[in-house]
2 protein chains.
Amino acid sequence: MAPTIADIHAAAERIAGTAHRTPVLTCGSLDSLAGAALHFKCENFQKGGAYKFRGALNAVRQLTDKQARHGVVTHSSGNHATCLALAARQRGIPAHIVVPRNAPLIKQRAIAAYGGQLTLCEPTLAARQAEADRIQSATGAVFIHPYDDPVVIAGQATVGLEFLEQVPLLDVLIAPVSGGGLLSGLCLVAHALAPHVEVWGAEPAIADDAFRSLREGKLLANTNPATIADGLRASLSERTFTVIRQHARGIVTVTEEHIISAMRLVWERMKLVVEPSGVVPLAAVLAAPEKFRGRRVGIIFTGGNVDLDRLPWQ
Amino acid sequence: MAPTIADIHAAAERIAGTAHRTPVLTCGSLDSLAGAALHFKCENFQKGGAYKFRGALNAVRQLTDKQARHGVVTHSSGNHATCLALAARQRGIPAHIVVPRNAPLIKQRAIAAYGGQLTLCEPTLAARQAEADRIQSATGAVFIHPYDDPVVIAGQATVGLEFLEQVPLLDVLIAPVSGGGLLSGLCLVAHALAPHVEVWGAEPAIADDAFRSLREGKLLANTNPATIADGLRASLSERTFTVIRQHARGIVTVTEEHIISAMRLVWERMKLVVEPSGVVPLAAVLAAPEKFRGRRVGIIFTGGNVDLDRLPWQ
């Protein structure tokens, strides 16, 4: 099931004061390039450097004391893992994070820096799930899925709630799509509160499961896509697909070159550090300007966690 | 002569609506590192990517139509040059920019992109001044000095005016010092409006003319300092030295390593692109924490113009 708008309002209340109410910035020179009035919701400034903190914090906070006692567990090496570790530390409970043995050291260190307890496993989905299951049985920790969970989706949806409060007159909301937690959350918020707002997803052309799934009308998956947008390699679940299929206006796909050039534009023109996955919606607006021209477009900059020693234009 | 507080208020009015009122951001993890409550005035978000736009715009706008008719001229390859070009374009007058032949191509391109008319010269101070004089005589353009000009200082001082409005309870203001336009402007604002606020300068140890000048009680110059803080290579003028000597609490010097590590911290923790010169005050607060511990410190992030192909940690 998807969360209701009441669940989303409850999530907003649950995370208020701990998650940042991130600012919305604008940029005249990017408006000129796009021919549209762009508004950027800066979740790169969120705690943990990504909107994922919202879903993780909502999930951790809604546990009863009894449920929370043995901590939480997930498998991920990305922003969900660091943000879950941070949210768990906030509540004073352990976070067990299963990470594939070949995950970059910088990501392993970030998880550990936020107090996450790392368990390395073989780099296959089966091994990751098996290890997470084992930890769950051994410790009693609660499994928190990165996106296929109504509580997590409700947390991510608070981005949309805030954005519509901060910029009430948006015509379009556009966000990256990977597992679909954020995009389905935005769909639910817009449908309930601002049904005139078109919600778009954006994804790398080489990780275009959402685009293909919508076109074919059935859930299709990515297989190991090597996009530099390393946060966008997952595939939709039945739960997120159902919502997106019903409420999203469409999915725009972009090339790796579009992503790198949008990222460089954001760093040079806006002076903001946004990660490759986070600039994919801007890349989409610049790659398909006819869809957005003359409109008030709300773009989610989803995160800013970048390895500064390996920038994609080097 | 230095500008009066009335001149500074007039400058604020003159540039309002065109120069951005830049936001002030905070960062919990940098507060913990510094042991102080840090407030960052983000002039990296200013038009032209630097606070220099304020002084340039004030200078261009206060010209009479008759004076402005033949444009403006300066010699610089840094932020003053790009910002003066932008301010002149705003008024629809030419900006002649004398640039040393060996200035990085990326900077020459930035000046040209803002409509500046480039004249290349030999890379000596004498050649630069001679070429600027020649253009002034030939065209009737008005020379706008990067810092040794009360109108420019009044423009830069508006950073301090805004900052004190945005964060009224600051204990300390700290800014980079090169020619001293910004620092002397902040001194004048604090002295007139908030005399309890300590004003500090920060500069690279290998370009420490302000530190040495204050210590010796006489104006001393840098000679070709090779600091990576490329905006901080100039030396104080008699005008700026007089103000700084009278009102600044002191100057903190930092090593090149301090600068690089502060820059990386800002990019990683705050997700902001700030140039090496712009992080020097934060580097100073981290290098001399005993001076600032437990206090409310206002730091100016002066600019964000960085060559993304040559980052200092590479």
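1. Lys271(A) counts as buried, because 26 C-beta neighbours lie inside 10 Å, and the cut-off for that class is 20 or more. The model is a predicted one, and in it Lys271(A) takes a positive phi of about 60 degrees although it is not a glycine. The residue lies in the loop between α12 (256-270) and α13 (280-287) of chain A. As background to this point, most residues other than glycine have a negative phi.

2. Chain B shows a corresponding entry, with phi of Lys271(B) near 60 degrees, again a positive value in a residue other than glycine. Lys271(B) is placed in the loop between α12 (256-270) and α13 (280-287) of chain B, and it counts as buried because it has 26 C-beta neighbours inside 10 Å. A further positive phi, of about 70 degrees, belongs to Gly217(B), which comes just after α10(B).

3. How are the two chains related? Chain A is superposed on chain B by a rotation of 180 degrees with 0.0 Å of shift along its axis, at an RMSD of 0.0 Å, and the two copies are therefore related as by a two-fold rotation axis. Among the residues of chain A, the one that comes closest to the rotation axis is Leu272(A), whose C-alpha atom is at 2.4 Å. The same surface serves both copies, since 100% of the contact residues of chain A recur in chain B.

4. The contact between the chains takes 13 residues of chain A and 13 residues of chain B. On the side of chain A that touches chain B, the residues divide into seven nonpolar, three polar and three charged.

5. Within chain A, the division is into domain 1 (5-50 + 150-301) and domain 2 (53-143), and the centres of these two domains, taken over C-alpha atoms, are separated by 24 Å. Their contact draws 20 residues from domain 1 of chain A and 14 residues from domain 2 of chain A. On the domain 1 side of that contact, the elements giving two or more residues are α1 (5-15) and α8 (150-166) of chain A, and α8(A) gives the most, with seven residues. By class, this side of domain 1 of chain A has eight nonpolar, nine polar and three charged residues.

6. Which strands form the open sheet of four strands in chain A? The order is β5-β4-β3-β6, with parallel pairing, and the edge strands, each pairing on one side only, are β5 (117-121) and β6 (142-143) of chain A. Strand β4 (residues 95-100) of chain A pairs with β5(A) in the parallel sense over five bridges, and Val99(A) stands opposite Leu120(A) in β5(A).

7. In chain B, strand β2 (residues 37-42) has five of its six residues buried, so it is largely enclosed by the rest of the structure. Strand β1 (residues 24-25) of chain B pairs with β2(B) in the antiparallel sense over two bridges, with Leu25(B) opposite Phe40(B). Six bridges join β2(B) to β10(B), and these two strands run parallel; here the bridge partner of Cys42(B) is Phe301(B) in β10(B).

8. The largest nonpolar core has 206 residues, of which Ala283(A), Val285(A) and Ala283(B) touch the most other members. Leaving aside residues up to four places away in sequence, Ala283(A) touches Ala202(A), Val254(A), His258(A), Ile259(A) and Ala262(A). In soluble globular proteins, nonpolar side chains tend to be buried together.

9. In helix α10 (residues 209-216) of chain B, the buried residues are Asp209(B), Ala210(B), Phe211(B), Ser213(B) and Leu214(B). The buried residues of α10(B) pack against β8 (198-204), α11 (238-247) and β9 (250-254) of chain B.

10. Is Arg310(B) buried or exposed? Arg310(B) is exposed, because 10 other C-beta atoms lie within 10 Å, where the cut-off for that class is 12 or fewer. Arg310(B) belongs to the segment after β10 (296-301) of chain B. The C-alpha atoms of Arg310(B) and Glu43(B) are separated by 22 Å, with the two residues 267 residues apart along the chain.

Key. Residues are numbered from 1 along each chain as its sequence is written. Chains are lettered from A and ligands numbered from 1 in the order in which they are written. This is a predicted model: local features need pLDDT of at least 70, side-chain atom pairs count only at pLDDT 80 or more; totals for chains, interfaces and linings use all residues. Domain bounds come from an automatic or database domain assignment. Two residues are in contact if their C-beta atoms, placed from the backbone, lie within 7 Å. Ala, Val, Leu, Ile, Met, Phe, Trp, Tyr, Cys and Pro count as nonpolar, Asp, Glu, Lys and Arg as charged, and the others, Gly among them, as polar. Copies are superposed by least squares on the C-alpha atoms of residues with pLDDT of at least 70 in both. Two strands pair if DSSP finds at least two bridges between them. A nonpolar core is a set of buried Ala, Val, Leu, Ile, Met, Phe, Trp, Tyr and Cys residues joined through C-beta atoms within 7 Å.
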